[in-house]
Amino acid sequence: MPLQDTFTSGTLDTLVIGAGQAGLATGYHLRNAGLRFVILEADDALGGSWKHYYRSLRLFSPARYSALPGQPFPGDPGHYPTRDATIAYLHSYAHTQRLPVITGCRVREVTRRGDGVFEVHAAGRMFRARSLVVASGSFHDPRMPTLPGQEGFTGTVLHSIGYRSPEAFAGQRVLVVGAANSGVQIAAELATVARVSIAARRPPSFVPQRILGADVHAWWSVFGLDSAEPGTWRARLFKRLHATRGPAVLDTGRYREDIEAGRFDVRPMFRAFEPGGVVWSDGRAEQVDAVIFATGFLPGLPFLQGLGALDGRGVPLQQRGVSTAVPGLCYVGLSYQRSFASATLRGVGPDAEAVTQHLKQHLALQAPHGERSSAPHVAFDNRSAGAQDARI
């Protein structure tokens with residue numbers, strides 16, 4: 001029986017939405033807890049947001065700090081994995097850990113019955129589960145500011161999620177909006193073929209990638225910053241530095257050297273578009289061919305609207321990954337969910353483990369309503385799932 005049909009009848013213990021790093025880490029802990037579950041992925045292949053990022057992207061953390069629970073990242077522990085290596089690792093993880101993933105199954109709506117069972121409508125099917133984990137992460141909907149005159153701009157405007165490689169911008173005048181890691185990395189790459197400036201409200205604050213011969217992530221781990229929860233002095237210190245010094249950019253020295261050498265520069269944010277370019281904060285106009293917004297993402301969870309699980313901005317009402325509005329609903333992969341690393345490869349594992357422990361208690365206390373699925377765990381299989389085959 002195809003995997004899709006195996007789980008369309010009966011009631012699961014848990015249903016996970018999203019088969020990126022957060023969903024796969026959640027599946028690992030759910031499997032170890034003995035819960036019946038399935039992971040739904042909207043795209044035709046698992047991997048979350050990684051497959052949509054630009055080709056040259058590298059992790060900012062070494063492989064030893066970039067693994068999901070139970071499976072080391074392959075290769076030299078000190079190397080910085082590429083985008084494609086990360087995607088390959090996620091595929092390998094799903095197979096090796098035997099996680100039941102259904103791809104090409106976009107969730108349209110979630111409702112909750114009076115007995116607490118969630119009904120998940122996805123790709124023309126109905127899935128039922130006694131609990132729900134939304135693991136689609138924080139990198140779902142591009143955050144695109146709208147500036148005066150933008151609709152009349154005749155050049156190219158795109159978000160960093162749409163940027164793939166620099167060749168299409170050769171010989172052009174390009175502005176990158178945003179001075180965090182992605183913006184700086186994209187600007188440095190574009191500067192090899194184009195005239196580039198970063199436009200930002202504050203300049204980047206460069207953090208050394210290596211300190212006394214060790215990667216900065218090793219020092220963060222030594223001082224407990226990897227697990228610093230919101231409200232602790234470590235988390236407050238990190239946020240205060242970010243707020244006062246601008247976006248923190250990990251740098252081996254290359255990006256600072258690029259700026260000092262004039263390969264690209266950083267300027268105060270421009271105040272408006274005009275048809276052929278932009279107007280800078282000092283009133284000077286300049287012709288520009290393309291503007292790339294490296295301005296982050298929003299969670300993007302429209303399928304939860306009917307549950308009352310979101311605030312007026314569409315942000316989950318939750319504490320430490322547990323919904324404060326809907327019993328049995330949890331999240332994994334949200335930024336600052338339990339620590340500043342929560343939305344990263346190394347951070348989703350501990351968060352998924354904590355959420356799984358909460359769900360075990362929830363399921364144990366829940367009245368035995370509804371039908372339980374008798375289906376066993378099914379190993380991940382691209383053929384049965386109908387497949388074609390999120391960073392620091």
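Helices (H or I, at least four residues) and strands (E, at least two) are DSSP runs, numbered from the N terminus. This is a predicted model, in which local features need pLDDT of at least 70, side-chain atom pairs count only at pLDDT 80 or more, and totals for chains, interfaces and linings use all residues. Residues are numbered from 1 along each chain as its sequence is written, and side-chain values use heavy atoms, with hydrogens and water left out.

**Exercise 1.** Find Arg 83 and decide whether it is buried or exposed.

*Solution.* Start with its place: Arg 83 belongs to helix 3 (residues 83-96). Next, take its relative accessible area, which is 10%. Buried means under 20%, exposed over 50%, and partly exposed in between (1.4 Å probe, protein chains only), so Arg 83 is buried. Finally, list its contacts (heavy atoms within 4.5 Å): not counting residues up to four places away in sequence, Arg 83 touches Trp 50, Lys 51, Tyr 53, Tyr 54, Arg 55 and Leu 57.

**Exercise 2.** Check the span of helix 2 (residues 21-32).

*Solution.* The expected span is 1.5 Å times one less than the number of residues. Just past helix 2, Gly 34 has a positive phi of about 80°.

**Exercise 3.** Work out why helix 2 counts as largely enclosed.

*Solution.* Of its 12 residues, 10 are buried, so the rest of the structure largely encloses helix 2. Among the buried ones are Leu 24, Tyr 28 and His 29. The packing partners of the buried residues include strand 3 (37-40) and helix 8 (345-365).
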